[in-house]
Amino acid sequence: MSDGDLDALRAQRMSQMQSQFGGGGGNDAEKQQAQQEQMRAQEEMKHSILSQVLDQQARARLNTLKVSKPEKAQMFENMVIRMAQMGQVRGKLDDAQFVSILESVNAQMPQSKSSVKYDRRRAAIDSDDDEDYGC
């Protein structure tokens with residue numbers, strides 16, 4: 001292969017890689033900023049829908065749930081937003097309706113069993129076998 005062929009292959013490979021990975025390096029900051037703006041707009045839309053659908057007590061309960069179990073709160077928010085978009089929610093959800101929807105979210109979530117194992121053999125090993133209690 002001559003130098004001209006190698007240069008042509010390099011240029012072709014470079015253009016292929018640039019098109020595959022989103023172009024040049026100058027667009028990365030713009031793309032990241034656009035993505036952040038889109039995420040911010042989605043969050044604002046989600047908050048506006050939730051404020052229209054949930055009453056004050058339900059919003060307080062949702063905020064408490066967000067602190068303790070964020071993944072469950074995320075699933076609940078998504079479910080309520082979907083219900084609102086489909087027209088299944090009439091008026092504002094009160095605390096009792098919140099609890100019933102939360103129970104259905106709990107049924108959908110995988111249950112994780114936590115268990116504690118205690119290894120008694122390790123507790124029996126003591127490095128202070130010297131019975132020198134200050135004698």
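**Helix α4 and its neighbours**

Trainee: In which hand does α4 pass α5, left-handed or right-handed?

Mentor: In this predicted model, α4 passes α5 in a right-handed crossing. The axes of helix α4 (residues 70–86) and helix α5 (residues 95–108) come within 10 Å, and they cross at roughly 115 degrees.

Trainee: What makes this a contact between α4 and α5, and which residues meet there?

Mentor: A contact requires heavy atoms within 4.5 Å, and on the α4 side Lys72, Met75, Phe76, Met79, Val80 and Met83 meet residues of α5 that include Phe98, Ile101, Leu102 and Val105. The residues of this contact divide into nine nonpolar, three polar and one charged.

Trainee: Why is glutamate 77 called buried?

Mentor: Glutamate 77, which lies in helix α4, has a relative accessibility of 1%, and the cut-off for buried is under 20%, so glutamate 77 counts as buried. Other buried residues of α4 include Ala73, Phe76 and Ile81.

Trainee: How do you know that the side chain of glutamate 77 makes a polar contact with the side chain of lysine 66?

Mentor: The distance given for this pair of side chains is 3.0 Å, and a polar contact needs N or O atoms within 3.5 Å, so the pair qualifies as a polar contact. Leaving aside residues up to four places away in sequence, glutamate 77 touches Lys46, Leu50, Leu62 and Lys66.

Trainee: How do you know that the span of α4 agrees with what its 17 residues should give?

Mentor: At 1.5 Å a residue, α4 should span 24 Å, and its end C-alpha atoms are 24 Å apart, so the two values agree. After α4 comes glycine 87, whose phi is positive, near 85 degrees.

Trainee: How is the packing of α3 on α5 described, in terms of distance and angle?

Mentor: The axes of helix α3 (residues 56–68) and α5 come within 8 Å and cross at roughly 40 degrees. The contact is made by Gln57, Ala58, Arg61, Leu62 and Leu65 of α3 together with Asp95, Phe98, Val99 and Leu102 of α5, and these residues divide into six nonpolar, one polar and two charged. Here too the crossing, that of α3 past α5, is right-handed.

Trainee: What makes up the secondary structure of the chain as a whole?

Mentor: The chain comes to six helices and zero strands. Among its contacts with a separation of 6 or more, 68% join residues 24 or more positions apart, while buried residues make up 17% of the 135 residues.

Conventions: Residues numbered from 1 in each chain as written. Predicted model: local features only at pLDDT ≥ 70, side-chain atom pairs only at ≥ 80, totals over all residues. Heavy atoms only, no water. Axes fitted to C-alpha atoms, helices over the stretch in contact; angles between N-to-C directions. Helix = DSSP H or I, 4+ residues; strand = E, 2+ residues; numbered from the N terminus. Left-handed = near helix turned anticlockwise from the far one by under 90°. Nonpolar A, V, L, I, M, F, W, Y, C, P; charged D, E, K, R; others polar. Buried < 20%, exposed > 50% of the residue type's maximum accessible area, 1.4 Å probe, protein only. Polar contact = N/O pair within 3.5 Å; in protein donor to acceptor, adjacent residues only side chain to side chain. Expected span 1.5 Å × (residues − 1).
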